[in-house]
Amino acid sequence: MPENVVVIVESPTKARTIRRFLPKNYHVEASVGHVRDLPQTAQDIPASVKKEEWARLGINVENDFAPLYITPKGKSKVIAELRKKVKAADEVLLATDEDREGESISWHLVEVLKPKAPVRRMVFHEITKAAIEHALEHSREIDMRLVKAQETRRILDRLYGYTLSPLIWKKIAYGLSAGRVQSPGLRLIVERERERIRFRKSVYWDIRAELRRETDAAEAAFEARLVSVDGKRVATGKDFDPETGRLEKPDDFTVVTEEAARALVERISAAQWRVTSVTEKKTTSRPSPPFITSTLQQEGNRKLGLTARETMRIAQRLYEEGLITYMRTDSPTLSSEGTGGARDAVEALYGKEYLTEEPRQFSSRSKDAQEAHEAIRPAGAEFVHPDQAGLTGKERGLYELIWKRTLASQMADARKSSVSVRFDANGCEFVSSGVRILFPGFLRVYVEGKDDPDAALEDKEILLPELHDNDTVVPESLEPTYHETKPPARYTEASLVQRLERAGIGRPSTYATIISTLFERDYIRKQGSALAPTFTGIAVVQLLENHFNYLIEYGFTSDMENALDEIAAGERNHLDYLRGFYLGENGLKTLVDEREGSIVAERCRTIVLPQISNAFEVKVGRFGPYIIHRANGGDDGNGTEEVRASIPEEIAPADLTPDDIEELIRIQRDGPKPIGVDPDTNENIYCLVGRYGPYVQLGEQTEDRPKPRRASLPKEIKPRDVDLPIALKLLSLPRTLGTHPENGKEIVANVGRFGPFVVCDGDFRSLKKDDDVYTVTLDRALEILAEEKKARRGGSVLLKDLGTDPKTEKKIAVYEGKYGPYIKYGSKNVGLPDDLKDEKKIETLTFDTAIEIVEKNGSRKKR
């Protein structure tokens, strides 16, 4: 038996957890993520190859696509320590994650450390004593097929991005990019926006009736809705064509107008209401499968308001703490240990009647489930109850979701009774529907979209009185009801992940990265919880559609994923695939070389929007989107007048109306005209429109005063509606309320990105619903500041504190924000480079590296 065994994992957290289950002669070390990667900047390229033509790409295409691997900055110390430990070892066990990326990290460790001792691969999907002991007994060699599949994926991403992105810089704007899975994901969001642009609203009416049995005046009323008139069905939203606004089958339906609805109320108010049919149907509903990566991200977003990246980061921590199984998987199957743990918990908490007769299993819908081979579930044979897990906040919330969903998967079906009752009232037919839960089954534990199962059970029951054919009822109220059709809903993070999975774009481990990259590139923005493309995002998709359409075809992207699966299974040669993709007759490099010269930059910067008349052009430029209006009568030599106006970035393309365009052009054409005079300063007040939307401004902008006082207009106020009282009210912010009695610091009320707030000495607190930022008092602000501070839902989370910059005395730390990890330097936020966003790389980020990033951003003078 070896005396000194070195076990290498990726993160210190994982190392601490695994150490608990290993003998004393096993020493666990952390590589802190990758130890080798492709160069990210020109500075990373070694001097020995810097002059080579392929060096910028980082891939030597002519030498069988050989990747140029370098040691990332800040990793030398970690590698030196590992070398020292490995040199003294009798055996080395590589215990990195069990997916392709983990296999690749293990291979890179061997390549870099060059251990003399025997090396084995140790694989497990949960960090429990039983799993670790099993992994020790069944260690294996590194699987080079998985390594090659991961390396091919990395090379494909580099070839795609580094070949297309420079073209997009030239044709649209510098700094933009394309990506193998990022661009098809963006196309999904853009196509949904185009559907909203083409949408035409339809209006229709119906009648809502509150009814009760004629024999019992004391019972509660129940609701019924109009479904047909004189034998012809009443049209509802689904019967209209979303692109024309007209009925798809006009002969089969009648559209009820407001006038007709009110006439029908008159017609039936005194009529006899009679039951014409009662239909009862027994139904059962089954629980959803245990979580896989995509469904965990969806529910994390729907129920906890987490982004896909936040969900994965929290799940990674739960896994490394030994609380859940591996979180990158597309298999919903549970092991016998998993089903046993779930069934034991269900029986203990709810009794045997809530269990299925036999353990329930779910099969994967993916034909190539290539990640871990079990669903995400609580770790071990005995599941830790959420109350005993020692977790709080988002970690507690996500663990509880996983625990509940796993238990529900082994519980009995819910049984319901559905009743549909039809009524006739003078030729008008109404329908009322009810649901009664006969046995709740799995609903006792897990209800979609609800946090409280008991409350959810009440919500799912709609009870009707006992009714029979020819019974009579009386209307307590009849209300004509207005409806209008809605445009197709924009994707949320949850529904986009679902769509990416269905289209085969990417794999479980890439969904979060796809979404965060689109945010970082400013290709998409949040509209509430929905994702809307920016004008720049549409421009990039337009260019790819017009010149390289096959690269963003969903089938092509899905086929690439299948090809990587085949490489992982040893069924395809990776070099043959790379040559065909890049150098073939229709290869990427071949087509870019052929077409680049014929692509006209001006056309690429012009956005095609059907709702815009020919008198206007929408373009994207260096400072964002703008409109050009050309009208006759100008003095530019062509008899036309050209006016350019910025489009506020908060306006999504489908929400840009002709009225908005006219307003923006009018404000720009007429120039700044004062809407009144400030009585305190005697200065003019203007209403202007900038890149970030409309705002009011006190006084003129001059060299002596480059930043006059400004205040943004709330979304509900249009520039045309701004008068002097409104402007003065807006400009009253920020308001100094007074000083804090304990620290003597000023307390200020203002409106920010997340709404109205009060702040004192850097301590920000949101105002409550009933508080008005324009009238809130000092006493009320002190009450709010004295309350215990709650984390904002979806707010920033501290990942690593790097200390204080001795030069400026500013704090520097890494946070997880709404759109991914970033460095906070004093009050400045600086995005992390793509190659440092992995959690394992963040853990090893040094103070010096962080300062270099801040200096490059311009937020700190270079040393």
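Aspartate 522 sits in the loop that runs between α14 and β15 (524-527). This is a predicted model. Aspartate 522 is not a glycine, yet its phi is positive, at about 60°. How accessible is aspartate 522, as a relative area? The value is 39%, so the residue counts as partly exposed. Partly exposed covers the range between the buried limit of under 20% and the exposed limit of over 50%.

Helix α14 spans residues 511-520, and helix α6 spans residues 182-198. Their axes come within 10 Å of each other and cross at roughly 75°. An angle from 65 to 115 degrees counts as roughly perpendicular, so α6 is roughly perpendicular to α14. Which residues make the contact? From α6 come Gln182, Gly185, Leu186 and Ile189. From α14 come Ile514, Thr517 and Leu518. By class, the contact of α6 with α14 holds four nonpolar residues, three polar ones and no charged ones.

Helix α10 covers residues 336-350, and helix α11 covers residues 393-409. Here the axes lie 8 Å apart, and the packing angle is about 90°. The two helices are therefore roughly perpendicular to each other. On the α10 side, the contact uses Ala342, Ala345, Val346 and Leu349. On the α11 side, it uses Trp403, Thr406 and Leu407. Six of the residues in the contact of α10 with α11 are nonpolar, one is polar and none is charged.

Between α10 and α11 runs a loop, and histidine 373 is in it. Is histidine 373 buried or exposed? Its relative accessibility is 60%, so it counts as exposed. Histidine 373 can also be placed against leucine 334. The two are 39 residues apart in sequence, and their C-alpha atoms are 8.7 Å apart in space.

Next, look at helix α17, residues 574-583. Its buried residues are His574, Leu575, Tyr577, Leu578, Phe581 and Tyr582. What do they pack against? Their partners are α5 (144-171), α16 (554-568) and α18 (588-595). The N-terminal end of α17 has a cap, asparagine 573. A side-chain oxygen of asparagine 573 lies 2.9 Å from the backbone nitrogen of leucine 575. Leucine 575 is itself one of the buried residues of α17.

Further along is helix α19, residues 601-604, which contains alanine 601. Beyond its neighbours within four places in sequence, alanine 601 is in contact with Lys170 and Lys171. Helix α5 spans 144-171.

Leaving aside neighbours within four places in sequence, valine 229 touches Val234, Leu264, Arg267, Gly427 and Cys428. Where does proline 653 lie in relation to valine 229? It is 424 residues away in sequence, and the C-alpha atoms are 40 Å apart.

Proline 658 is in helix α20, residues 658-670. Its relative accessibility is 46%, so proline 658 counts as partly exposed. Along the chain, proline 658 and glutamine 611 are 47 residues apart. Their C-alpha atoms are separated by 7.2 Å.

Proline 734 lies in the loop between α21 (724-731) and β25 (735-739). A cis peptide bond joins leucine 733 to proline 734, with omega at about -5°. Phenylalanine 65 has a positive phi of about 55°, although it is not a glycine. It sits in the loop between β3 (59-60) and β4 (66-67). Is phenylalanine 65 buried or exposed? At 2% relative accessibility, it counts as buried. Aspartate 522, where the walk began, has a positive phi too, but it is partly exposed.

Methods:
Residues are numbered from 1 along each chain as its sequence is written. This is a predicted model: local features need pLDDT of at least 70, side-chain atom pairs count only at pLDDT 80 or more; totals for chains, interfaces and linings use all residues. Side-chain values use heavy atoms; hydrogens and water are left out. Axes are lines fitted to C-alpha atoms, for helices over the stretch in contact, and angles run from 0 to 180 degrees between N-to-C directions. Helices (H or I, at least four residues) and strands (E, at least two) are DSSP runs, numbered from the N terminus. Angles under 35 degrees count as roughly parallel, over 145 as roughly antiparallel, 65 to 115 as roughly perpendicular and the rest as oblique. Contact means heavy atoms within 4.5 Å. Ala, Val, Leu, Ile, Met, Phe, Trp, Tyr, Cys and Pro count as nonpolar, Asp, Glu, Lys and Arg as charged, and the others, Gly among them, as polar. Buried means under 20% relative accessible area, exposed over 50%, partly exposed in between (1.4 Å probe, protein chains only). A polar contact is a pair of N or O atoms within 3.5 Å; within protein, one must be able to donate a hydrogen and the other to accept it, and residues adjacent in sequence count only if both atoms are side-chain atoms.
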